[in-house]
Amino acid sequence: MNTNASQLSVVALLNRLTVDAKKTLRRGGTPLDVLRHLIEALPVAALVADDRGQYVLGNALASELTGYSADELGRLSVWQLTPGANEAEAETLWRAFRQQRAQSGDYQLLTKDGRLVTAKYAARANILPRLHVSLLEAA
C-alpha cells in the first residue's frame with residue numbers, strides 16, 4: 001500500500017471506529033468493553049490510552065507491532081513507546097494532542113526489543129469519554 005493510501009486507510013478506519021463506538025455505547029456496556037470489542041476486529045494495530053497517557057487496551061496487531069503482550073502494554077504509557085521522549089516533553093505533547101483532538105501522520109515506535117518501527121497513524125482524543133485511540137499501520 002502506498003504512503004497516501006495507508007494514511008487514508010487509518011484515518012478512514014478511525015472515523016468509522018468513532019461512529020461505531022458511540023452507537024455501540026448507546027446500546028449498553030462500558031466504554032472499555034465497547035472499545036475492546038471494536039478494536040479486535042480492526043485490520044490495523046489499535047491502542048487505547050486514558051487521560052494520563054497510560055495504555056488500557058491494545059489489540060493483537062498492536063502486540064505484534066510492538067512486541068509487547070496485551071498485559072505488558074497495559075503497564076506502559078504512550079511515551080514509553082516513543083523513542084527519546086523525556087517526561088516533560090511527553091506531557092506537553094500529550095496535552096497538545098488532547099486539545100487538538102485528532103492527529104495523523106508518521107510515528108516512530110520503540111518496540112520491546114529496542115527496534116524503531118515507523119507507522120502511519122491516526123489518533124483521536126476522547127473517542128469515548130476519557131479514552132483516546134491510536135490506529136497504526138507499519139509503513
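Modeller: Going from the N terminus, the order is α-α-β-β-α-α-α-β-β-β. Keep in mind that this is a predicted model, where local features need pLDDT of at least 70, side-chain atom pairs count only at pLDDT 80 or more, and totals for chains, interfaces and linings use all residues. Residues are numbered from 1 along each chain as its sequence is written, and side-chain values use heavy atoms, with hydrogens and water left out.

Buried residues, meaning those under 20% relative accessible area with a 1.4 Å probe and protein chains only, make up 44% of the 139 residues. The C-alpha trace spans about 40 × 35 × 30 Å along its principal axes.

You'll find histidine 132 in strand S5, which covers residues 131-138. Histidine 132 is buried, at a relative accessible area of 1%. Leaving out residues up to four places away in sequence, histidine 132 touches (heavy atoms within 4.5 Å) a list of residues including Leu47, Val48, Trp94, Phe97 and Arg124. Asp51 is also among them, and here the side chains of histidine 132 and aspartate 51 make a polar contact at 2.7 Å. That term covers a pair of N or O atoms within 3.5 Å; within protein, one must be able to donate a hydrogen and the other to accept it, and residues adjacent in sequence count only if both atoms are side-chain atoms. Finally, histidine 132 and threonine 18 are 114 residues apart in sequence, yet 10 Å apart in space, C-alpha to C-alpha.

Terms used: Helix = DSSP H or I, 4+ residues; strand = E, 2+ residues; numbered from the N terminus. Buried < 20%, exposed > 50% of the residue type's maximum accessible area, 1.4 Å probe, protein only.
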